[in-house]
Amino acid sequence: MHKKRILIFDTEVAGHHVEYLHHLLIKARNSQDEYIFCVSEDFINVKGTEFDWNYGNNVIFKYVNTDKANEEVSMLKKAYRKSKLLHSVIKSCDVTHIFLISLITFIPFLPFFVPSRIKVSGIIYNIYLYRWKKSSAFLKILDVLKYIVLSYSKCIDRVYILNDAASARVLNRIYKTKKYRYLVDPYVPLQNVEEPIPDIWDFSSKKIYFHFGAMADRKGTLEILKSLEFISSEVCSNSIFIFAGKVGENIKAEFYRLVNLYKKKTNLIVIDRFCSYGLIATISKKANLLLMPYKVNTQSSGIIGYASQFNTPVLALAEGLIGKLVSKYKLGYTINEISPKAIAEFINQWEGKNKSIPKDYIEINTVGRFLEMIEFC
């Protein structure tokens, strides 16, 4: 059998990107094919030691400068720059397949920079179907044009829709193709990685509300803090609100203004830095509720995996993909809108009784299934 030469290309290192690169490295280790991982130079500093990055002779790592490709410019300009950078890498590597951790960020220019003989596949996270009714006419046209490119470009082989089998079926029907494939959102169970917490964090006899990950406006971080105005003093005095994760620069001033405003009303703990899996696991186990009032409802989130593993319910928006997943797998509670008053209303009325969370979600969304579903044919 002729060996494939597969290029795993990614310009980003934030969020799940490092995790997914490691998952694909596991696939490479168990393969007879050749793999080239071409990633940002920043990867060297952020890959960490929590994953095993050893690999065999069939794997090569290449590093490229991605500063220009990742600049905050228009979506079209960024797509052009990323596609152009990919083209320069292709010229130096004789590859048969390309896998993109974030495929849509290269569209619509990707087909102009990749020879049709090379098969390209990648992952889609934001599923435009969920925002269609609220989208402007311009955004609708843009979404459709992107998916026409994905559906009919010869070089694009498979488009993996993360964590939503129904959307993959609908997209295949709309665009009369078979390119769209369902892909599980891989969750790695955290085993024996708990970290001790400071003694000054008195968790006894208090309800713990936990919001973690990168603090951002789209994640409803500020709405949680603003909800403290409407949460009763009695509930606040018997609660702890923990924010763990790097606070985004664009919300930092407002975030700390609100923290200072409400720190006397309730117990607020802020851990403004990248947090280890151990710390996240420790607090998730002790928490009564995981707060994830994300405003963006078009994609999945790794936080629901923590709910399933640690038997800790989430609070999320009812509509969109996350709402559907929370409901389907019985992972917690939902509210109909993301606003300070809606969050406060739920917390004021919530009795905080233990809710049994099934393990179905993490049993389905395994790394093994994720790697089995990704095929290079």
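## Basis of the description

Two strands count as paired if DSSP finds at least two bridges between them. Strands (E, at least two residues) and helices (H or I, at least four) are DSSP runs, numbered from the N terminus. The model is predicted, so to speak of local features pLDDT of at least 70 is needed, side-chain atom pairs count only at pLDDT 80 or more, and totals for chains, interfaces and linings use all residues. Residues are numbered from 1 along each chain as its sequence is written, and side-chain values use heavy atoms, without hydrogens and water.

## The six-stranded sheet

Six strands form an open sheet with parallel pairing, in the order β10-β9-β8-β11-β12-β13. On average, neighbouring strands are turned by 25° against each other, direction ignored; axes are lines fitted to C-alpha atoms, for helices over the stretch in contact, with angles from 0 to 180 degrees between N-to-C directions.

Strand β12 (residues 314–317) runs parallel to β13 and is joined to β13 by four bridges. Leu317 stands opposite Ile335 in β13.

## Helices across the sheet

Helix α11 (residues 303–310) lies across β8 (207–212), β11 (289–291) and β12, at about 175° to β11. Contact here means heavy atoms within 4.5 Å. Helix α13 (residues 340–349) lies across β8, β9 (239–244), β11, β12 and β13, and runs at about 140° to β13.

Ile141 belongs to helix α5 (residues 137–152). Ile141 counts as exposed because its relative accessibility is 52%, where exposed means over 50%, buried under 20% and partly exposed in between (1.4 Å probe, protein chains only).
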